[in-house]
Amino acid sequence: MLRLDLAQEPRLLEIEANTRQRLGEAQRMQWLGEAAGLQESLRHIAGKKQQAERRRAQADRAEDGVTALG
């Protein structure tokens, strides 16, 4: 399992877009095993996006707390 660094989020979005394109091709070509694997990859990507959102929210709360104390 890899820990997501928020600076890598743009790369994650590129990977997601590429995976969706490859999934479309796999579906058109009826490569069922490939399509299933790509769908699983998209599920994992969605999980990483949720992880990034949680980390961003934590960072925002931490900044708000520092600002409130300062």
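I shall go through the overall fold, the core, the first helix and the salt bridges, in that order.

A word first on conventions. This is a predicted model, in which local features need pLDDT of at least 70 and side-chain atom pairs count only at pLDDT 80 or more, while totals for chains, interfaces and linings use all residues. Residues are numbered from 1 along each chain as its sequence is written, and side-chain values use heavy atoms, with hydrogens and water left out.

Let me start with the chain as a whole. Its secondary structure comes to 2 helices and 0 strands; helices (H or I, at least four residues) and strands (E, at least two) are DSSP runs, numbered from the N terminus. Of the 70 residues, 20% count as buried. Here buried means under 20% relative accessible area, exposed means over 50%, and partly exposed lies in between, with a 1.4 Å probe and protein chains only. The accessible surface of the chain is about 5600 Å², and 53% of that belongs to carbon and sulfur atoms; these areas come from the Shrake-Rupley method with a 1.4 Å probe, and for residues only the protein chains shown count as cover. Among contacts with a separation of 6 or more, 59% are between residues 24 or more positions apart, a contact being heavy atoms within 4.5 Å.

Which residues make up the largest nonpolar core? There are 9 residues in it: Leu4, Leu12, Leu23, Ala26, Ala35, Leu38, Leu42, Ile45 and Ala52. The elements that give two or more residues to this core are helix H1, residues 9-28, and helix H2, residues 32-69. H2 gives the most, with 5 residues. By definition, such a core is a set of buried Ala, Val, Leu, Ile, Met, Phe, Trp, Tyr and Cys residues joined through side-chain atoms within 4.5 Å. As general background, nonpolar side chains tend to be buried together in soluble globular proteins.

Leucine 42 is in contact with Glu16, Thr19, Arg20 and Leu23, leaving aside its neighbours within four places in sequence. Alanine 26, in helix H1, is buried at 1% relative accessibility. Not counting residues up to four places away in sequence, alanine 26 touches Trp31, Glu34, Ala35 and Leu38. Next along H1 is glutamine 27, which is partly exposed with a relative accessible area of 46%.

I turn now to the geometry of H1. At 1.5 Å a residue, its 20 residues should span 28 Å, and the end C-alpha atoms are 29 Å apart, which agrees; the expected span is 1.5 Å times one less than the number of residues. The buried residues of H1 are Glu9, Leu12, Glu16, Thr19, Leu23, Gly24 and Ala26. Seen down the helix axis, they fall within an arc of 160°, so they line one face of H1. That arc is taken over the directions from the helix axis to the C-beta atoms. The face turned away from the buried side carries the exposed residues Gln21 and Arg28. Just after H1, glutamine 30 takes a positive phi of about 60°.

How many salt bridges are there? The count comes to 7, where a salt bridge is a side-chain nitrogen of Lys or Arg within 4 Å of a carboxyl oxygen of Asp or Glu. In one of them, the side chains of arginine 56 and glutamate 9 meet at 2.1 Å, N to O. Arginine 56 lies in H2 and glutamate 9 in H1, so this pair ties together parts that are 47 residues apart in sequence. Glutamate 9 is buried at 17% relative accessibility, whereas arginine 56 is partly exposed at 26%.

Glutamate 16 forms a salt bridge with lysine 49, with the closest N and O atoms 3.0 Å apart. Glutamate 16 belongs to H1 and lysine 49 to H2, so that pair joins parts 33 residues apart in sequence. Glutamate 16 is buried, with a relative accessible area of 13%, and lysine 49 is partly exposed, at 30%.

To close, Glu9, Glu53 and Arg56 are linked in a network of salt bridges.
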